[in-house]
Amino acid sequence: MAQTRHLNSHSDPVEEGAQARIHGRPKDACPYPHNSEERASWLEGYDGTPRDNASDWHLG
């Protein structure tokens, strides 16, 4: 009961990524498929960096 996993349509990938980092899980533990919006959001939460700011350097 100490650890409950909520996997439903209302889950927030950003929050899931942040929680993964807090609990010491590796970055490659992301459960979402490569090149998916959910994966990008999960990694955003894990890194603590909003994509809007982080992706600017990829342009140009």
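Visitor: How many aromatic pairs does the rule count here?
Guide: In this predicted model, the count comes to 1 aromatic pair. Rings of Phe, Tyr and Trp (its six-membered ring) pair if their centres lie within 6.5 Å; planes under 30 degrees apart count as stacked, over 60 as edge-to-face and the rest as tilted.

Visitor: Why is the pair of W42 and Y46 called stacked?
Guide: The ring centres of W42 and Y46 are 5.4 Å apart and the planes stand at 15°, so the pair is stacked. Both residues lie in helix 2, 4 residues apart, about one turn of the helix. Helices are DSSP runs (H or I, at least four residues), numbered from the N terminus.

Visitor: What makes W42 count as buried?
Guide: Buried means under 20% relative accessible area, exposed over 50%, partly exposed in between (1.4 Å probe, protein chains only). W42 has 3% relative accessibility, and therefore counts as buried. Y46, at 13%, also counts as buried.

Visitor: Which residues make up the largest nonpolar core?
Guide: The 5 residues are A20, C30, Y32, W42 and Y46. Such a core is a set of buried Ala, Val, Leu, Ile, Met, Phe, Trp, Tyr and Cys residues joined through side-chain atoms within 4.5 Å.

Visitor: What are the conventions?
Guide: Residues are numbered from 1 along each chain as its sequence is written. Local features need pLDDT of at least 70, side-chain atom pairs count only at pLDDT 80 or more, and totals for chains, interfaces and linings use all residues, while side-chain values use heavy atoms, leaving out hydrogens and water.

Note on methods. Helix = DSSP H or I, 4+ residues; strand = E, 2+ residues; numbered from the N terminus.
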